[in-house]
Amino acid sequence: MIDFSLTDEQELIREAAREFAAKEIAPVATKNDHSGEFDTHIAKRLAEMGYLGAILPDEYGGRGLDYRTYGLIVEEIGKADAAARTVISVSTSLCAVPIFKFGTEEQKQKYLPGICDGSALACFGLTEPDTGSDAANQKTRAVKIDGGWTISGQKMFISLGNYAKVALVFAQTDPELGYKGLACFLVPTDSPGFTAATIKHKLGMHASDTAELSLDAVEVPDDAMLGQIGEGFKVAMTALESGRYSVAAGCVGICAGSLECSIEYAKTREQFGKPIGSFQLVQDMIAQMVLKTETSRLLLWRAGYLKDTGQPNTLETSLAKLHASESAIECANLAIQVHGGSGYVDDYPPARYLRDARVATLYEGTSQIQKLIIGRQVTGLNAMV
Ligand SMILES: Cc1cc2nc3c(=O)[nH]c(=O)nc-3n(C[C@H](O)[C@H](O)[C@H](O)COP(=O)(O)OP(=O)(O)OC[C@H]3O[C@@H](n4cnc5c(N)ncnc54)[C@H](O)[C@@H]3O)c2cc1C
């Protein structure tokens, strides 16, 4: 049975994350959004707080937390700034989790401590210019050479791509094998032939680094492969199932942040001689935000409970990601409406919330792909083949 009450430890961890976010992240969120710079100091502080790789065991630099507690941290950081939240999601879910699950002991010792302490960030290179939702159709090619592999191809929209020291690169080893030929490689980003270029002019997430990666005959040794040939798709899906949970948690943060600032504004802003929050149509908008926030959080906590108890959760994680990401956009939009003209400028958080929330229905599986996963899970029929 799912118990939604938090333990004393979870309450403390949530409170610490809330305080940290309010003191160190929220005050610089708008400045970073305007400058469009990736804030390396915040990345370092997130690591010092133990938020990168928090669900990994202590021996690899993690904190041994469960998914529900991880979700609490991600919600609080996501409420303050989605760009900062991205550092946690990419480091923990997209990179550390697959290395921990599929890596050899040597690979784990080599990469996980650096991800957790922030000294050697990682990035996740799955998307390509011609390969997005159909992730199994990788064009990046890995060719066997003596003692290793040579990898060539392009990776598109890669978060932390300019700052990572190692990239998880998904590549095809034998096009005739289809997805059974896919493999994942741990590629040091200072390898000859590896370059990263910033993708500019995004709608939002301005302070989150996004890069296009080019691999031109990059050579890696045999022991750079994460998992086996044929396991590449499984490695990617394992990462994404954790990543979707993390994105959902960040979106709960945007929902909650939209609601909180709207309540505050509605109680203080006066029109017609009364606080606008006393008007029923404003309360309708606030009630909609409460509903979207609560339902998103409940779906997230259910997915977390299933992960923590080792139960299948593909359906529940996709439901949480789909609902929370769509709700985050809707809540940010409602919050702008509550704030009136002030919501349209960056004096208050809703405008940034809306720009940042928008990407959440695109990455880690678009909303359409989440619906196809949900449909497949309940009908047993796969529409993605
Ligand atoms: C800011 C940002 C950060 C990102 N970070 C990363 C990262 O770190 N690593 C990484 O690998 N990728 C990353 N991505 C890429 C992201 O995961 C992809 O953009 C996403 O998977 C969608 O792929 P696509 O853009 O190629 O769209 P497409 O797959 O071309 O989809 C276009 C449209 O067609 C729809 N569609 C596609 N197939 C179907 C179908 N079968 N049925 C119905 N509709 C369908 C989609 O839902 C969408 O609406 C990032 C993207 C952004 C914008």
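1. In the class counts below, Ala, Val, Leu, Ile, Met, Phe, Trp, Tyr, Cys and Pro are taken as nonpolar, Asp, Glu, Lys and Arg as charged, and the others, Gly among them, as polar. On that basis, the shell around the ligand comprises twelve nonpolar, eight polar and two charged residues. The model under discussion is predicted.

2. The ligand is surrounded by 22 residues, of which Leu126, Gly132, Ser133, Thr366 and Gln368 are the closest. Two or more residues of this shell come from each of strand S1 (122–125), strand S3 (148–159) and helix H10 (367–379).

3. The protein chain is assigned three domains: domain 1 (8–116), domain 2 (122–229) and domain 3 (234–379). Because domain 2 and domain 3 both contribute residues to the shell around the ligand, the ligand lies between them.

4. Domain 1 and domain 3 have C-alpha centres 20 Å apart. Their contact involves 24 residues of domain 1 and 25 residues of domain 3. On the domain 1 side, helix H1 (8–35), helix H3 (67–80) and helix H4 (82–102) each provide at least two residues; H4 gives the most, with eleven residues. By class, this side of domain 1 has ten nonpolar, six polar and eight charged residues.

5. Helix H6 spans residues 232–268, 37 residues in total. From its first C-alpha to its last, H6 reaches 54 Å, close to the 54 Å expected at 1.5 Å a residue. Of the 37 residues of H6, 27 are buried, so the helix is largely enclosed by the rest of the structure.

Key
Residues are numbered from 1 along each chain as its sequence is written. This is a predicted model: local features need pLDDT of at least 70, side-chain atom pairs count only at pLDDT 80 or more; totals for chains, interfaces and linings use all residues. Helices (H or I, at least four residues) and strands (E, at least two) are DSSP runs, numbered from the N terminus. The expected span of a helix is 1.5 Å times one less than its number of residues. A residue is buried if 20 or more other C-beta atoms lie within 10 Å of its own, exposed if 12 or fewer, and partly exposed in between; C-beta atoms are placed from the backbone. A residue is near a molecule or strand if its C-beta atom, placed from the backbone, lies within 6 Å of it. Domain bounds come from an automatic or database domain assignment. Two residues are in contact if their C-beta atoms, placed from the backbone, lie within 7 Å.
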